[in-house]
Amino acid sequence: MRVFFRVLQESLNFALNALRANRLRTFLSLLGVTFGIFSIVAVLAAVDSMKHEIISSFEDMDSRTIFLSRMAFGQTDVPLWKRQQYVDISLYQYVSLKHTADENEVLCYNMWLPSQNLRYKDNMIEMVRMQATTDEYPLVDPVTLAHGRYFNEYESHLGASVIVIGNDIAKNLFGNPDLALGKQIRVMGKRATVIGVIEKQGESMFGPSRDNLAFIPINLGRSVYGSSSRATTSAIIIKPDPSSDPEAYKAGLESRMRSIRGLDVNSDNDFFINEIEGFSDFVDQITGTLNTIGFVISGFSLLVGGFGIANIMFVSVKERTNIIGIQKALGAKNRFILLQFLFEAVILSVLGGLIGIMVVFLGFAGLNVMVPNFVFILSPFNISIGLLIACSIGFVSGILPALSASKLDPVDAIRTGM
């Protein structure tokens, strides 16, 4: 163990001396490793940050939540032309499905409406995202309110002219969200009374923010768009019984829905059972593909960097041939010489990797300041991956020069130096 640390110390000294004596050559040799490690760590960290942002947008929703819709949220084998013929899930089908639900199963009917302009006196906000829902919506996708309340079952069934608005909408229309409750605004050619203001959420690069979202009762939305408009998209959102088996539950749900829609045994489903958990798996597939692409692109830089490390090590062996001969004449074993140069190659490569990781860290710190709505994360795992790759590049690049140095004949090595 003492020999190991002595070799490590001497190798570090040799590496630092090589850096000081040949700054330009060393800089050019390390540039490939630095850029390669920077690319890999930056891609890994950026993809992880994107994945975290996407998943966090669904963190309030149960991972087993199901969306019954004519649209697929992920990959599907059903061709596009066939999907375009599917009809929306109707309110009647929601009511029929609800009648067969057990007491621990929560269902909600939701319609995504076209964006609308909202007006209060002389103030107007454009392109507000709209959703028409039944009163159970907060039970399947929690809506945190800063003021007021969500509409109840009676208001949902009646199609009452009430509305729950996002924080930015309230601020732009009334100047202060605290003043929004009880005010009447114009929406879809109707007057609607504000009964709730959603808590400030902040902008998100992935997944729309609720600060610019408004909820209205389902039958208020249907009174404007009807029940079969292609301008809207409907879904039944289901929070299953927590004690149920997921696969058995989905099979039972599919059977119930096929019966409600009147599909015979030979007919394919004309709806999709979309799971939040399945969406997470889809995100994992996408991020995995992005990571692979990043590794392939960065691999070329690492290849160049590896050649640079090997080149500088061969030059180092040539410059120190007489020193190697003297060390061997004094009793140094081949293993000692091999480890000496191998450690030097690894140290040089790790130094390049550390520089690359530091650039990523500084770059992400700057981006977090410039882009406050997105958090760039450089995890210890990604740092470890970068350092491990740097060590591997150093080992592979340094093994041949180290072997050539360890096999030198001491007499010939000393003569060469003279």
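I take contact to mean heavy atoms within 4.5 Å, and with that in hand I open these entries on a model that is predicted.

**Entry 1: helix α4 and its neighbours**

I looked up helix α4, residues 91-99, and noted its buried residues as Leu91, Gln93, Tyr94, Ser96 and Leu97. I then asked which elements the buried residues of α4 pack against.

**Entry 2: the chain as a whole**

Stepping back, I recorded 14 helices and ten strands for the chain, and I found that buried residues make up 44% of its 418 residues. Of the contacts in the chain with a separation of 6 or more, 77% are accounted for by residues 24 or more positions apart.

**Entry 3: aromatic pairs**

How many aromatic pairs does the structure hold? I found six. I wrote down both a distance and an angle for the pairs I followed up, since a pair of aromatic rings is described by the distance of the centres and the angle of the planes.

Tyr137 and Phe215 form a tilted pair, with 5.1 Å centre to centre and 45 degrees between the planes. Tyr137 lies in helix α5 (residues 137-140) and Phe215 in strand β8 (residues 213-217), so this pair ties together parts that are 78 residues apart in sequence. Both Tyr137 and Phe215 are buried.

I next followed Tyr150 and Phe151, which also form a tilted pair, at 4.3 Å centre to centre and with 35 degrees between the planes. Tyr150 is buried, as is Phe151. When I put these entries together, Tyr137, Tyr150, Phe151 and Phe215 turned out to form one aromatic cluster.

Asp141 is found in the loop between α5 and β4 (145-148). Is Asp141 buried or exposed? With a relative accessible area of 11%, Asp141 is buried, because the cut-off for that class is under 20%.

**Entry 4: the cavity**

I searched the whole structure for cavities of 30 Å³ or more and noted one. The volume of the largest cavity is about 30 Å³. Which residues line the largest cavity? I listed Arg64, Ile66, Pro240, Pro246, Tyr249, Lys250 and Glu275. By class, this lining has four nonpolar and three charged residues, and no polar ones.

Lys121, although not a glycine, has a positive phi of about 55 degrees, and its place is in the loop between β2 and β3 (123-133). Met188, likewise not a glycine, has a positive phi of about 55 degrees and lies in the loop between β6 (184-187) and β7 (190-198).

Definitions and conventions
Residues numbered from 1 in each chain as written. Predicted model: local features only at pLDDT ≥ 70, side-chain atom pairs only at ≥ 80, totals over all residues. Heavy atoms only, no water. Phe/Tyr/Trp six-rings, centres within 6.5 Å; stacked < 30°, edge-to-face > 60°. Helix = DSSP H or I, 4+ residues; strand = E, 2+ residues; numbered from the N terminus. Buried < 20%, exposed > 50% of the residue type's maximum accessible area, 1.4 Å probe, protein only. 1 Å grid on protein atoms, 1.4 Å probe; cavity = no way out; pocket = protein on both sides within 12 Å on 5 of 7 lines; lining within 4 Å. Points joined across faces, edges and corners; volume = space filled by probe spheres on them. Nonpolar A, V, L, I, M, F, W, Y, C, P; charged D, E, K, R; others polar.
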